Amino acid sequence: MRTFTRIALAASAAALLIGCVSAPASSSPGDAGAGGRVLVFSKTAGFRHDSIPEGIAAVKDLGAANGFAVDATEDAGAFTDANLRRYDAVVFLSTTGDVLGPDQQTAFEHYIKKGGGYVGVHSAADTEYDWPFYGGLAGAYFQNHPAIQPATVKVEDRGNPATAHLAQTWNRTDEWYNYRSNPREHAHVLASLDESSYTGGTMAGDHPISWCQNYRGGRSFYTGAGHTKESYADPAFRQHLLGGIRWASGAAQADCRPESGYTSLFDGTAESLKDWKQAGPGSFELSDDGTLTSSGGMGMLWYAGRPLGSYSLKLDWKMAGDDNSGVFVGFPESDDPWSAVNNGYEVQIDATDAPDRTTGSVYSFRSADVKKRDRALNPPGEWNTYEIRVEGEHLRIWLNGVKVNDFTNTDPARSLRDGYVGIQNHGNDDQVSFRDIRVKDLPAKPGAGSGH
């Protein structure tokens, strides 16, 4: 696996450091000492988009503003093992047709398998139809498209750096591709098209338009947007592209495992809070962008709609600084937040506490794998995603797609088999935000994790 640097973030802007690699012999002015290097590849063997120059300029601007160097080429000869080793991500910018020869394909496969990053933009899906590895990496191949027109994009995951800045819907004008297959089963869909909002969609109402995936040892991000010149001057699209580059290069972390079958418990609306109750002091404030942020405490907002038995709970969370919160599971119905402490388990959010009381730990019972946690954790100011999976008395925790804890309850005074879930508001000095809380019921496994 490739090794990537940690990012230092200011509150107002992200400083993007895309890995520790040796600088090549030639570099653009001002790139000396940059944190990493990205290759933009825009060769075409079919239709050529007139927005390619604007796309190259946009990536170079993003690099200059965020601390990474950018090389641009249409020379397939750049695809050698030695040369690709210098890059943290390769952007296929509106490529079309058969653009790499057999040896170049082999070199790029080696690059991905060793942990390299791929970013596909727009007609990158209209590329290399006879190369199965590339088809899997891109996620889906282009089928056709209607005329350029406005459409509504439904943002499905706002925990990913490519979409965290967006509202739940994103209205924009572009050339909207239909694809030959639906990538949802093998990739993590970040955004999809509302086919009722425009004319010409052919994917039966489930129309992914941006996704990410871990693929054969590397990382792959794709966005179907980016046909028009105007896209590359749009701040929202530029941030979308930057977030994809950051994730693909390993500079930011996110859960890009496929996801399906989840039911929303909190979707960002006030209506979705009707089955939630505040226990104890403090509260959570709902902002216009659908984010819940803790205030005061110590208390807990808990979901009273139904108890949960065997399930996967997912949620996105973000700390402002050195803050404290947690997710409680497996506690009985109660308006006393201390009942959750004494009868359930807390999955901690606080990266600076003791090992058994830090982010990813089962508070005071089992430490997270701190080395894995540190690699998976985004810093304050960025979103993270938890998956908390409960099966019988077995509790497992994933942080941004990486399993960081595996715990089995053996305390006869507690049980994970049937209980409620909640999020903690810890105190006046702690502000932690939450988004998109969802659950998936899992088949019960008799005796699973019983500890006997």
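**Entry 1: helix 3.** I began with the length of helix 3 (residues 102-113): its 12 residues should span 16 Å at 1.5 Å a residue, and the end C-alpha atoms lie 17 Å apart, which agrees. The expected span is 1.5 Å times one less than the number of residues. Helices (H or I, at least four residues) and strands (E, at least two) are DSSP runs, numbered from the N terminus.

I note that this is a predicted model, in which local features need pLDDT of at least 70 and side-chain atom pairs count only at pLDDT 80 or more, while totals for chains, interfaces and linings use all residues. Residues are numbered from 1 along each chain as its sequence is written, and side-chain values use heavy atoms, with hydrogens and water left out.

I then looked up burial, where buried means under 20% relative accessible area, exposed over 50%, and partly exposed in between (1.4 Å probe, protein chains only). In helix 3 I found Q105, A107, F108, E109, Y111 and I112 buried. The elements that these residues pack against include helix 2 (81-84), strand 4 (117-121) and helix 4 (132-138); contact means heavy atoms within 4.5 Å. Just after helix 3, G115 has a positive phi of about 105 degrees.

**Entry 2: helix 1.** I recorded 15 residues for helix 1 (residues 52-66) and a reach of 21 Å from first to last C-alpha, close to the 21 Å expected. Its buried residues are I52, G55, I56, A58, V59, L62, G63 and N66. They lie on the same side of helix 1, because they cover an arc of only 160 degrees around the axis, taken from the directions from the helix axis to the C-beta atoms. On the face turned away from the buried side I found the exposed residues P53, A64 and A65. Among the elements covering the buried residues are strand 1 (37-41), strand 2 (69-73) and helix 5 (235-249). G67 follows helix 1 with a positive phi near 85 degrees.

**Entry 3: strand 21.** I found 6 of the 6 residues of strand 21 (residues 394-399) buried. H394, R396 and W398 point one way, and L395, I397 and L399 the other. In a regular strand the side chains alternate between the two faces of the sheet.

I next checked the neighbours, counting two strands as paired if DSSP finds at least two bridges between them. Strand 20 (residues 384-391) pairs with strand 21 in the antiparallel sense over 6 bridges, and R389 has R396 as its bridge partner. Strand 22 (residues 402-408) also pairs with strand 21 in the antiparallel sense over 6 bridges, with W398 opposite K403.
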